Amino acid sequence: MREVLSTVDFVAPDGRVVFRTCARERNQVVFQLGTSDAERALAVARLVENDVAGIDVNMGCPKEYSTKGGMGAALLSDPDKIEQILSTLVHGTSRPVTCKIRILPSLEDTLSLVKRIEKTGIAAIAVHGRKREERPQHPVSCETIKAIAETLSIPVIANGGSHDHIQGYLDIEDFRRATAASSVMVARAAMWNPSIFLKAGLRPLEEVMHKYIRYAVQYDNHYTNTKYCLCQMLREQLESPQGRLLHAAQSSREICEAFGLGVLYEESSREQDSRRAELLAGIPEEARELGDDVSGVIKMAVKFDRRAYPPQITPKMCLLEWCRREKLAQPVYQTVQRPQDRLFGSVVTVAEQKYQSTLWDKSKKLAEQAAAIVCLRSRGLPEGRLGDESPSLHKRKREAPDQDPGDPCTQDPALAGELCKKPLVALGSGEESLQEGR
């Protein structure tokens with residue numbers, strides 16, 4: 001997909017796109033990571049450093065999913081680990097390193113911590129003016145941020161003003177002056193309406209949402225992320241007819257249709273298909289063919305997205321179950337790898353008919369799942385997606401013989417740091433091994 005979109009994609013071992021960027025934002029985007037391990041943080045920083053402007057460590061997130069792993073605000077109670085992580089990054093990466101913190105219960109402790117952080121050599125520090133246990137309804141402490149800014153010699157970025165202070169562009173400067181900070185970080189107010197950064201003032205929300213959807217479709221943003229961001233923009237309008245359509249949407253196409261942008265989706269899909277065809281035309285014929293005979297193969301442009309399926313249920317599993325019920329031979333997958341980009345394509349044979357996705361994928365297993373989807377959709381069969389799984393699958397989901405430790409449905413979720421710019425896949429004895437690019 002990265003060739004079609006002209007993007008740089010960083011993917012987890014299970015094939016999920018963790019971070020997608022492009023040349024246009026290389027000198028603007030800062031990669032923020034959550035970590036509790038200095039060496040793993042450095043490994044990730046080195047992986048992305050040539051495609052971003054800076055590396056930031058989140059030391060302020062109070063959410064349980066972050067703190068239970070020793071990340072985010074949990075680091076505030078471990079200054080030694082903070083120093084180790086930041087010092088390792090500062091000395092080990094070629095990009096500026098920053099961090100974001102929350103304030104501690106006392107001003108004395110807060111100032112002691114930020115002085116220690118400054119000594120690690122970071123380029124700047126962002127300060128959310130609330131304590132770890134406080135939430136947006138609690139007032140942000142401009143006084144504490146100001147005390148930090150007056151104490152340190154490095155730039156201090158003020159954060160946390162969206163609820164009380166920032167409703168428009170001019171409020172950003174007012175918040176900066178109130179905190180004596182060098183600049184301001186805007187989070188929720190920018191999610192509510194990204195045009196808050198325009199000096200001319202806020203643009204109508206409908207205009208902003210339409211522009212955002214265009215970017216989301218252009219760069220193949222996952223629909224769940226697009227949906228979340230649009231819900232943040234609608235806020236109190238979520239119960240409107242459009243809000244209900246958005247809430248019910250289960251794909252990028254349905255999101256576009258909810259906002260009257262169905263034609264945009266179709267045009268973008270055609271453009272991407274055309275780009276794929278152009279790229280494919282430049283590939284030697286012997287690298288494109290899946291097997292000796294591809295005549296009579298039913299083809300669709302589909303991909304397998306793990307997030308669209310319940311745990312431990314996959315299209316391959318659904319297809320195998322259907323073949324068993326129909327007393328057919330089990331599906332046979334024929335998979336090849338293109339040498340020039342190491343992507344995989346697969347053809348599945350069921351009842352003497354072959355099925356293939358025209359989209360090449362990052363791993364053998366993902367390509368086989370896509371081929372299974374083509375077969376299931378062609379036959380009008382459930383493919384196991386959330387909302388349409390067959391109850392009979394639950395009986396076999398832990399014993400299906402087509403599952404193995406390398407199958408995306410049996411892999412553990414990717415841990416922080418376990419991503420690669422381009423997975424290297426080697427086949428041997430019918431098994432797949434993933435080696436992370438470091």
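The chain folds into 17 helices and 14 strands, and keep in mind that this is a predicted model. Of its 438 residues, 48% are buried.

**Whole chain**
- If you look at contacts with a sequence separation of 6 or more, 66% of them link residues 24 or more positions apart.

**The H9/H10 pair**
- Helix H9 spans residues 205-218 and helix H10 spans residues 223-234.
- The two helices pack with their axes 11 Å apart, at an angle of about 170°.
- Angles over 145 degrees count as roughly antiparallel, so that's the label H9 and H10 get.
- On the H9 side, the residues that meet H10 are Leu205, Val208, Met209, Tyr212, Ile213 and Ala216.
- Their partners in H10 are Asn225, Thr226, Cys229, Leu230, Met233 and Leu234.

**Threonine 98**
- You'll find threonine 98 in strand S5, which covers residues 97-102.
- Its relative accessibility is 16%, and because the cut-off for buried is under 20%, threonine 98 counts as buried.
- The side chain of threonine 98 makes a polar contact of 2.6 Å with the side chain of aspartate 56.
- Leaving out residues up to four places away in sequence, threonine 98 touches Ile55, Asp56, Val57, Leu86, Ala123 and Ala124.
- So Asp56 turns up both in that contact list and as the polar partner, with the buried call for threonine 98 resting on its 16%.

**Valine 374**
- Valine 374 sits in helix H16, residues 364-378.
- With a relative accessible area of 0%, valine 374 is buried.
- Tyrosine 355 is 19 residues away from valine 374 in sequence, yet the C-alpha to C-alpha distance is 6.1 Å.
- Tyr355 is also one of the residues that valine 374 touches, once residues up to four places away in sequence are set aside.

**Cysteines**
- The disulfide count is zero.
- Take cysteine 231: the closest cysteine sulfur belongs to cysteine 229 and lies 9.3 Å away. A disulfide needs the sulfur atoms within 2.5 Å, so this pair is too far apart for a bond.
- Cys229 is also among the H10 residues that meet H9.
- Cysteine 22 is buried, at a relative accessible area of 12%.

Terms used. Residues are numbered from 1 along each chain as its sequence is written. This is a predicted model: local features need pLDDT of at least 70, side-chain atom pairs count only at pLDDT 80 or more; totals for chains, interfaces and linings use all residues. Side-chain values use heavy atoms; hydrogens and water are left out. Helices (H or I, at least four residues) and strands (E, at least two) are DSSP runs, numbered from the N terminus. Buried means under 20% relative accessible area, exposed over 50%, partly exposed in between (1.4 Å probe, protein chains only). A polar contact is a pair of N or O atoms within 3.5 Å; within protein, one must be able to donate a hydrogen and the other to accept it, and residues adjacent in sequence count only if both atoms are side-chain atoms. Contact means heavy atoms within 4.5 Å. Axes are lines fitted to C-alpha atoms, for helices over the stretch in contact, and angles run from 0 to 180 degrees between N-to-C directions. Angles under 35 degrees count as roughly parallel, over 145 as roughly antiparallel, 65 to 115 as roughly perpendicular and the rest as oblique.
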